[in-house]
Amino acid sequence: MFNLTYEFKLKPTAKQVSLFENWLEQCRKVYNYGLAERKDWYKSRSCVINACSVRSEYIISADTKRPTYASQCRGLTAARKAIEELRAVQVHVLQQTLKRLEKAFVNIWEQGHGFPRFKKQGQMRSFVFPQLGVKPVESGRVKLPKIGWVKMWQSREIPADAVIKQARVVRRATGWYVMLTLQWDVDITQIMPHGEPLGVDVGITHFAAVSNGKLFPNPRPFKRLERKLKLLQMKVSRKRIGSSNRRKAQAKVSKLHERIANVRKNYHWELAHNLCDWAGMIFVVGEACPKDIDLSLKGLARGMLGKHCLDAGWGQFFQILEQCCFKRGVYFQKVDSKKTSQICPNCLTETGKKTLAERVHHCENCGYTTDRDVAAAQVVCLRGLAAVGHTVKMLSEGKFVGIPGKKESPRLKARGVSTTEKGRSDEA
């Protein structure tokens, strides 16, 4: 199976907007009720069996089983018979809300996420239709269960051989959107390494450096609009809490945040397509385990340059680049990012640590000089080629050469630091 998600902007009527907002509010109440049920059960088991909690006491029978998705769905069926507002919402939409809650609890143990929180009014932003009828999309409109036909801006055609499996309605600052999940019953062959290799290293001074010497500027969308955002947030703080003027001011802040995110995402997609035009293999910095990548990016975000790291959005760029490579038939792989700026890509000699002020790489062993970020990207390319079994690489001289072993740098030798001879396979 192969899935893709198409995004379109909706053009709902005033009545449909009111219906969407009511459904979101009912989903929020179901989510909070299910979270409270699970939280009370856990707290009732947090103290020893012969003592009560000092702060509060939850008296729940010892025979009561832990709330699960199945048990809460049965409770939802009983609640729909008694509450008219819940009957107005399609049952599958409410069940998907409980499934979202179940996934939040699973992510606590599997991905190390925090404990789920209650959602305030207006904080629920989307609901899902897991099933759609026959031919739910016609020219410029989509048919949603229990809502009917809703107009939309259909920016591209939906392939005739694709099956629309589900739809997600999303509320944003600029309007309502629908995410259509398309599915094809085909087997996708794995992309094999081929063509010209390319190593990519990311940074703050330049957003991306490529092993062929190209440097891409950092757009800094948040930094450019930070002053405007600050002024809008000051206006929000001066408005009375709960007033309509405060809601209008908050809407302007939300629109500006969405504009910043759109500028960043558009730049990532343009850069990803540009890189795919140049190569058949792309290697980027990262660890072998996706969880380690998330941890390393979070660690950078907590440092003194955290705001600039978050503004660059490296994690989103890696995801977009991987998707773009998959669509364009380009091989994509992440390699070890350790010491990429401390190794010469020409002779593989350790040159030692560099300060942030040193922007030029100069090897005292072979005399190779280039931009620091470009040298790191070339090291990433070497490690990627070693990972896929290649033994040669085109370096700055413009010819294929064998990959040398790891040598000892004269500067490190003067310091009394020795390095062992290693093959190229050890660098990957």
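This is a predicted model: local features need pLDDT of at least 70, side-chain atom pairs count only at pLDDT 80 or more; totals for chains, interfaces and linings use all residues.
Are helices α7 and α10 parallel or oblique to each other?

## The packing of α7 and α10

Helix α7 spans residues 244-278 and helix α10 spans residues 314-328. Their axes lie 9 Å apart, and the two helices pack at an angle of about 45 degrees. Angles under 35 degrees count as roughly parallel, and 65 to 115 as roughly perpendicular; α7 and α10 are therefore oblique to each other. Their crossing is right-handed.

The residues of α7 that meet α10 include R264, H268, W269, L271 and L275. On the side of α10, the residues in contact include F317, I320, L321, C324 and R328. Sorted by class, this contact has ten nonpolar, four polar and five charged residues.

## The seven-stranded sheet

Seven strands form an open sheet with antiparallel pairing, in the order β2-β6-β7-β1-β5-β4-β3. At its edges stand β2 and β3, the latter covering residues 137-138. Each of these has a single partner strand, so one side of each is left without a neighbour in the sheet. Helix α4, residues 91-110, packs on this sheet and touches β2 and β6. The direction of α4 makes about 115 degrees with that of β2.

Several pairings can be followed from strand to strand. Strand β2 (residues 126-129) is joined to β6 (residues 163-172) by four bridges in the antiparallel sense, with S126 opposite V170. Strand β6 in turn runs antiparallel to β7 (residues 175-184), and nine bridges join the two. Within that pairing, I164 has L182 of β7 as its bridge partner. Two residues lie between β6 and β7, which form a hairpin.

Elsewhere in the sheet, β4 (residues 141-144) and β5 (residues 148-153) run antiparallel and are joined by four bridges. Here R141 stands opposite K151 in β5.

## The five-stranded sheet

A further open sheet has five strands in the order β10-β9-β8-β11-β12, and its pairing is mixed. Which strands stand at the edges? They are β10 (215-217) and β12 (331-335); each has a single partner strand, so one side of each is left without a neighbour in the sheet. From one strand to the next, the twist averages 20 degrees.

The partner of β10 is β9, which covers residues 206-210. These two strands pair in the antiparallel sense over three bridges. In this pairing, A209 stands opposite L215 of β10.

Key:
Residues are numbered from 1 along each chain as its sequence is written. Side-chain values use heavy atoms; hydrogens and water are left out. Two strands pair if DSSP finds at least two bridges between them. Axes are lines fitted to C-alpha atoms, for helices over the stretch in contact, and angles run from 0 to 180 degrees between N-to-C directions. Contact means heavy atoms within 4.5 Å. Angles under 35 degrees count as roughly parallel, over 145 as roughly antiparallel, 65 to 115 as roughly perpendicular and the rest as oblique. A crossing is left-handed if the near helix is turned anticlockwise from the far one by less than a right angle, and right-handed if clockwise. Ala, Val, Leu, Ile, Met, Phe, Trp, Tyr, Cys and Pro count as nonpolar, Asp, Glu, Lys and Arg as charged, and the others, Gly among them, as polar.
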